[in-house]
Amino acid sequence: MTAVGIDAIEIRTGKLELDLAETFAPAKGDDPEKYTKGLGLHASSFPDAYEDIVTMGANAAHRLMERKGLTPADIGRIDVATESAFDNSKPVSTYIAGCLEQVFDEDFHHANKGERKFACVAGTQSIDDAYNWIRAGRHRGRSALVIATDTALYARGDPGEATQGAGAVAMLISEDPDVVELSTEQGFGSADETDFLKPNQQFPSVDGKRSVQVYLARMREAVRDFESVAGTIHPDDFTLLPFHTPFPGMVRKAAALAYRHTIRDTEIEEELAEDIGRQPRPEAFDSDEAYVDAMGEYTDELVETDQYRDWYDRVVDPTLEISREVGNWYTGSVHVARASGLKHALENDMDLTGATLGVASYGSGAQAEVHAETVQSGWEDEIAALNVDEQLDNRYSISYEEYEHIHDVHNHDKDTDAEAEAFTPPEGEFVFDGWGRMGE
Ligand code: HMG
């Protein structure tokens, strides 16, 4: 069977940076470590006044196509995953295709375009749709362009405000991919939940604490469902484990539960239970409550063990490096985590060809999806081509007052007199002027 998967990746960050420890925490009167240690975030990316989900997505897709030497004739579908859409009828992919047609001397009239919505998991769902389209043989030799683009903004004063972010990830899905092949096996955990939603409103209504529990519950279901088709998983099955990363502290919790689950009935569990002095089996407790409490204590001690720390530092921590500097990108977040892990491996001369990644996507509302990916031989060139470090270094660092200004500029609901003052000059890129034209 021909391999199908991710052939190329481009990351486009919003061009402004809000430093959480230096700028956000003092303005809020908070201890900076709540953000840097508790949430695990250093900074958020924000869109400048002339950036939005269309320009960030189009700029990412443009660079990807140029780098791969593609023209519109090579692309058979464009799917945009977003939860920041501004149009209930016309999909964001049409706006992005319109931008790209300005720079390629060809149109995308032949390409099927759409927009996928299921909170943050929609980026992965779009990849699945592209995978299925190619597997079904309907692609006529063409590739799919999947763009996950969001401005993840919360109302000012919302507890989620520190986790904001903005950026786009463009991915090319093709036969014989250069980066990763996707597994046919998938696991899902899905339920009707109302902890995070945006019914006809720009900023989410969030029950933050509950959203953490719902993430963990759906992820647990997805892991079990994945095991029901792929077989029991062991912590060492995966070289990297990119999770949906609203903030790295969330992944710390999810990784601990994943590890606890995957070491069950193994020698590792026996050894650790002995070291910790606890028995992690339900039979040992006389009520569910006592079991849950004991499991919590067992997990707290488990994550302090050398075995766990070594596993976490190798398999999970590398996937969080970019996220720490950019915040939550909603649909792009798990794809940033994958790129971050691969970039770390490249920078540390690791040979990942043939290695397995376990990718754990999640979207509020709520659905988790788990699948495996096999790293392909072209991964090094593709990851080396990313210019994400340069983009991060070039961000303009905003003061708290400038943050309030730019937050108002991007607040569609606010009748604000904020002038759309930009902090950076656009350079040969798509800029928002109502129609997404190229800048100077
Ligand atoms: P909060 O309630 O303000 O923070 O916001 P907290 O008091 O829970 O503190 C956060 C952590 O910092 C805690 O660590 C504190 O102990 C620690 P934990 O106990 O959880 O391990 N802390 C400190 N550490 C060191 N020094 C200090 C200090 N102070 C506190 N001084 C909350 C947290 C998650 C509620 C908030 O960020 C929020 O509402 N976020 C938005 C919702 C969210 O991201 N949920 C995550 C799961 S749902 C999801 O991922 C989907 C999503 O991406 C949307 C989609 O799918 O579309 C959001």
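**Terms and their grounds**

Tutor: The ligand is surrounded by 29 residues, of which Gly38, Ala119, Cys120, Gly160 and Gly208 are the closest. The elements contributing two or more residues to this shell are H2, helix H6 (208-230), helix H7 (248-262) and strand E11 (356-363). The model is predicted, so local features need pLDDT of at least 70 and side-chain atom pairs count only at pLDDT 80 or more, while totals for chains, interfaces and linings use all residues. Residues are numbered from 1 along each chain as its sequence is written.

Student: Why are H1 and H2 called oblique to each other?

Tutor: Helix H1 (residues 20-28) and helix H2 (residues 32-39) pack at about 125 degrees, with their axes 7 Å apart. Axes are lines fitted to C-alpha atoms, for helices over the stretch in contact, and angles run from 0 to 180 degrees between N-to-C directions. Angles under 35 degrees count as roughly parallel, over 145 as roughly antiparallel, 65 to 115 as roughly perpendicular and the rest as oblique. H1 and H2 are therefore oblique.

Student: Which residues of H1 and H2 meet?

Tutor: From H1 come Leu20, Ala21, Phe24 and Ala25, and from H2 come Pro32, Tyr35 and Thr36. Contact requires C-beta atoms, placed from the backbone, within 7 Å. The residues of this contact comprise six nonpolar, one polar and no charged.

Student: How do you know that E4 and E5 pair?

Tutor: Pairing requires that DSSP find at least two bridges between two strands. Strand E4 (residues 75-81) and E5 run parallel and are joined by five bridges, and Arg77 has Asn112 in E5 as its bridge partner. E1 and E8 are antiparallel and joined by two bridges, with Val180 in E8 as the partner of Ile6. E8 and E12 are antiparallel over eight bridges, and Phe188 has Glu369 in E12 as its partner.

Student: Why do E5 and E11 stand at the edges?

Tutor: Eight strands form an open sheet of mixed pairing, in the order E5-E4-E6-E7-E1-E8-E12-E11. Strand E5 (112-116) and E11 each have a single partner strand, so one side of each lacks a neighbour in the sheet. From one strand to the next, the twist averages 25 degrees.

Student: What makes E3 and E13 the edge strands of their sheet?

Tutor: Three strands form this open sheet, in the order E3-E2-E13, with mixed pairing. Strand E3 (43-46) and strand E13 (396-397) each pair on one side only. H1 packs on this sheet, touching E2 and E3, and its direction makes about 65 degrees with that of E2.

Student: Why is the protein chain called as compact as a globular protein of that length?

Tutor: The protein chain has 15 helices and 15 strands, taken as DSSP runs (helices H or I, at least four residues; strands E, at least two) numbered from the N terminus. Its radius of gyration is 21 Å, close to the 22 Å that the globule rule gives for 440 residues, so the chain is as compact as a globular protein of that length. The radius is taken over C-alpha atoms, and the rule is 2.2 Å times the number of residues to the power 0.38.

Notes. Contact = placed C-beta atoms within 7 Å. Nonpolar A, V, L, I, M, F, W, Y, C, P; charged D, E, K, R; others polar. Near = placed C-beta within 6 Å.
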